[in-house]
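Biologist: Could you walk me through this one? I'd like to know what the terms rest on.

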Amino acid sequence: MSLRRMPKIEIGIDNVDKIYHLIAYFTLSVTWLFSFYRKPTLKYVIVICCIFFGIIIEVLQQTLTTYRTGDYKDAIANTVGILLGFIIFNLILKKNTVNSY
């Protein structure tokens, strides 16, 4: 009696690292935004600095290292994570402000 084996199915997700970039920069931006939430004028500076940081890191990876590569898609994922963090931060802050009255 011969048993048949199931064929191996490999599931590959292209660009899954972009999700990691999004999560990392979401966390970075939300952490900084909540650290300075009492200074609302700084929130735009924080967002812009985080975006520049994400871009600069990608450029430095491409230019200064031989074992890493910069990717514009990583910079886009970083920016999306930052903007998502900014939106959620504003929604939470708005909800807390409305509920405190």
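This is a predicted model: local features need pLDDT of at least 70, side-chain atom pairs count only at pLDDT 80 or more; totals for chains, interfaces and linings use all residues.

Modeller: Residues are numbered from 1 along each chain as its sequence is written, and side-chain values use heavy atoms, leaving out hydrogens and water.

Biologist: What makes a run of residues a helix here, and how many helices are there?

Modeller: Helices (H or I, at least four residues) and strands (E, at least two) are DSSP runs, numbered from the N terminus. The chain has 3 helices and 0 strands.

Biologist: How do you know that the span of helix 1 agrees with what it should be?

Modeller: The expected span is 1.5 Å times one less than the number of residues. Helix 1 (residues 17-35) has 19 residues and so should span 27 Å; its end C-alpha atoms are 27 Å apart, which agrees.

Biologist: Which residues of helix 1 are called buried?

Modeller: Buried means under 20% relative accessible area (exposed is over 50%, partly exposed in between; 1.4 Å probe, protein chains only). In helix 1, Lys18, His21, Tyr25, Ser29, Val30 and Leu33 are buried. Down the axis of helix 1, they fall within an arc of 150°, so they line one face; the arc is that of the directions from the helix axis to the C-beta atoms.

Biologist: What does Ile46 touch?

Modeller: Contact means heavy atoms within 4.5 Å. Leaving aside residues up to four places away in sequence, Ile46 touches Ser29, Trp32, Leu33 and Phe36.
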